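Biologist: I would like to go through this model feature by feature. Please give the general idea each time and then the case at hand.

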Amino acid sequence: MNMWNRFKDSLITPKNIVEYRNDSLWWVFLYIIVFALLLSTRTTITTLTFDGLSPADREIIAQDLADVNDGCAIESGVFDCDEAATQLIYEDLLLGYYLESNDTLQYDNYERDYSVVVFQENVLFVFNDTILFEVLIADLDPAVQNLDFAMQETDEDVFHDAIFRAVDQFILSYRSTWTPLVIAIDVITSFVLFLLFILVSAWMLRLRFREVRFRQLFTMTSYSSTGLYLILIFDSLFNLSFLLVILLILFAFRQNNQLSMELYRRLNQNKKP
């Protein structure tokens, strides 16, 4: 199978896509996967070149950090407070970050399904009431192994710098684990996005051309959507203007329209596509 011919015809002469209607689905899926990989290029570059939180990210997180009881401290890698309590110090879309100074983990107090909990000598990663894995505070950056939380008020810059140094060190130490996972999730998400668009487009063509098998329509639509793939790829890389994206999407739909016209012409000539 010559992928270049299919790529070229999908952009220049969409009516020729009809000739590829009986391609193996394995090749069709491979064609889609190639563009899903390309759509993930920016994520791949970002994750591979990540060297810590940016100054802008640090500033945003620092502003959102909750005030911690000034009776709390980490001494020799062990967290403790004057008063037993569960303190939510930060949350994002996925995780809640807690300081736990009770004698036992208070799972009912962790409002998110996924939580990061500083508890005694550990940083725990918790899903509901299950500990997924844990890291010793003593294994983190030395700046947090002895940290007085009263510094959040008395020496804010030093306090935040210690926290972010530990976060960066932890993230980078597990790069070999999370980088492939992040890239794989992004590729799968891109593939599913393309697949949904193709299925909807093929279904709409099916409503008009009932004589044509859905499998053939799926195959042809996979190729005729190449313009859309490219638009999304370039937008992810270069942040194209909204108006330009709209114009390019209209061009992409033109490719599907030309395919539709070719199908209509052939069927009217009593030739099955």
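Modeller: Helices (H or I, at least four residues) and strands (E, at least two) are DSSP runs, numbered from the N terminus. By that rule, Glu156 belongs to helix α6, residues 156-173. The model is predicted, so local features need pLDDT of at least 70 and side-chain atom pairs count only at pLDDT 80 or more, while totals for chains, interfaces and linings use all residues. Residues are numbered from 1 along each chain as its sequence is written, and side-chain values use heavy atoms, with hydrogens and water left out.

Biologist: Is Glu156 buried, partly exposed or exposed?

Modeller: Buried means under 20% relative accessible area, exposed over 50%, and partly exposed in between (1.4 Å probe, protein chains only). Glu156 has a relative accessible area of 42%, so Glu156 is partly exposed.

Biologist: Which residues form the negative surface patch?

Modeller: A patch takes residues with over 30% relative accessible area and no salt bridge, joining like charges within 9 Å and nonpolar side chains (Val, Leu, Ile, Met, Phe, Trp, Tyr) within 5 Å. A salt bridge is a side-chain nitrogen of Lys or Arg within 4 Å of a carboxyl oxygen of Asp or Glu. Lys and Arg count as positive, Asp and Glu as negative, and His and the chain ends are not counted. The charge is placed at NZ of Lys, CZ of Arg, CG of Asp or CD of Glu. Here the negative patch includes Asp67, Asp148, Glu153 and Glu156.

Biologist: And which residues form the nonpolar patch?

Modeller: Among them are Ile188, Trp203, Leu207 and Phe214, and the patch has about 850 Å² of accessible area together. Such areas come from the Shrake-Rupley method with a 1.4 Å probe, and for residues only the protein chains shown count as cover. Helix α7 (residues 175-208) gives the most to this patch, with eight residues. Leu207 lies in α7 and, at 43% relative accessibility, counts as partly exposed.

Biologist: How do I read strand pairing, and what is the order of the open sheet of three strands?

Modeller: Two strands pair if DSSP finds at least two bridges between them. The order is β2-β1-β8, with antiparallel pairing. β2 and β8 stand at the edges, each with a single partner strand, so one side of each has no neighbour in the sheet. Four bridges pair β1 (residues 72-75) with β2 (residues 78-81), and Cys72 has Cys81 as its bridge partner in β2. Two residues separate β1 and β2 in their hairpin, where Ser76 in the turn has a positive phi of about 55°. On the β8 side (residues 147-148), two bridges join that strand to β1. Ala73 stands opposite Asp148, and Ile74 is the bridge partner of Leu147. Asp148 is also one of the residues of the negative patch.

Biologist: In what sense do β4 and β5 pair, parallel or antiparallel?

Modeller: They pair in the parallel sense over six bridges, and Tyr98 has Val117 as its bridge partner in β5. β5 is joined to β6 (residues 122-127) by six bridges as well, but those two strands run antiparallel. In that pairing Phe119 stands opposite Asn122. β5 and β6 form a hairpin with two residues between them, and Gln120 in the turn has a positive phi of about 55°. Five of the six residues of β5 are buried.

Biologist: Where does Arg112 lie?

Modeller: Arg112 is in the loop between β4 (95-100) and β5 (114-119). Its relative accessible area is 24%, so Arg112 is partly exposed.
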